[in-house]
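Hello,

Here is the structure I said I would pass on. My notes on it follow below.

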Amino acid sequence: MKLILLLGLVCALFPLSALADQALQKDVIKTAGGNLEISFIGHASLIFTFGGKTIHIDPTSMFGDYANLPDADLVFITHEHFDHFDPKALALITTEKTPIVTTATVSKKHPNCTVMKNGDTLTIEGLAVEAVPAYNVAHMRSPGNPFHPKGVGNGYIITFGDKRVYIAGDTENIPEMKALKNIDIAFLPMNLPYTMSPEMAADAAKSFMPKVLYPYHFSETDTSEIVALLKDEPIEVRIRNLQ
């Protein structure tokens, strides 16, 4: 009986959703501008905390309880697919004044967006941002119809202090990715047929050599494969709960 009463008290003081929030995996990266905290919500949904600001990446209710996550000072959306763009999640963490950086396609479906095209650069909320192409070459819905057409989706390079963080979005190991320079932290998708196999992700990583690699958006892919493929490279592969 005492145990039941104690559990009831804990649930009353700390709702399950709040406990889930507290249990999020988090990494802390030291930068010249202070600590960058990365919270792993799931799939492609991330939260970066830096300089007192909360930056959401591809928030979606499929993978996070956004009613119990912190409000956004800035949001990045890579493209319009439902597992990356969720108006309901956005409504829980933004106001009409919250900057939302995204693509032209998403801007047609959601108000108050700042559009970046592939290759664009800007500074927003004190952060330097570059939009990188994100598209398929090999994997198609049907002949000539890629899952992610060129020129539609973005990846983003965001500079936090002296650290350049690359969030690739849904893409393959395209030439633009392989030509990147000075990437400290990379999030690469690894989920066939929509994005990359472990071999494709490893090929890309060996080309631009991030210091830290987080496979993300990996669904049922065996992440031990990319660990093995990169075991002889000076790249730290970190596996987190990002199915």
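**What was found**

The protein has seven helices and 16 strands. Please keep in mind that this is a predicted model.

Overall form: a compact globule of 243 residues would have a radius of gyration near 18 Å, and the protein has 18 Å, so the two agree. The C-alpha trace spans about 60 × 45 × 45 Å along its principal axes. Of the contacts with a separation of 6 or more, 53% are between residues 24 or more positions apart.

Surface and interior: 50% of the 243 residues count as buried. The protein exposes about 11300 Å², and 56% of that area is supplied by carbon and sulfur atoms.

Charges: there are 20 positive and 27 negative charges in the protein. The mean position of the positive charges and that of the negative charges lie 3 Å apart.

One local feature is described here in more detail, the pair of strands β8 and β9. Strand β8 covers residues 121-124, and strand β9 covers residues 127-134. The two run antiparallel and are joined by four bridges. Together β8 and β9 form a hairpin, with two residues between them. In the turn, E125 has a positive phi of about 50°.

Which residues of β8 lie on its covered face, and which on its uncovered one? L122 and I124 make up the covered face, while T121 and T123 make up the uncovered face.

Regards

Technical notes
Residues numbered from 1 in each chain as written. Predicted model: local features only at pLDDT ≥ 70, side-chain atom pairs only at ≥ 80, totals over all residues. Heavy atoms only, no water. Rg over C-alpha atoms; globule rule 2.2 N^0.38 Å. Buried < 20%, exposed > 50% of the residue type's maximum accessible area, 1.4 Å probe, protein only. Contact = heavy atoms within 4.5 Å. Areas by Shrake-Rupley, 256 points an atom, 1.4 Å probe, with all protein chains shown as cover. Lys, Arg positive; Asp, Glu negative; His and termini not counted. Charge placed at Lys NZ, Arg CZ, Asp CG, Glu CD. Pairing = 2+ DSSP bridges.
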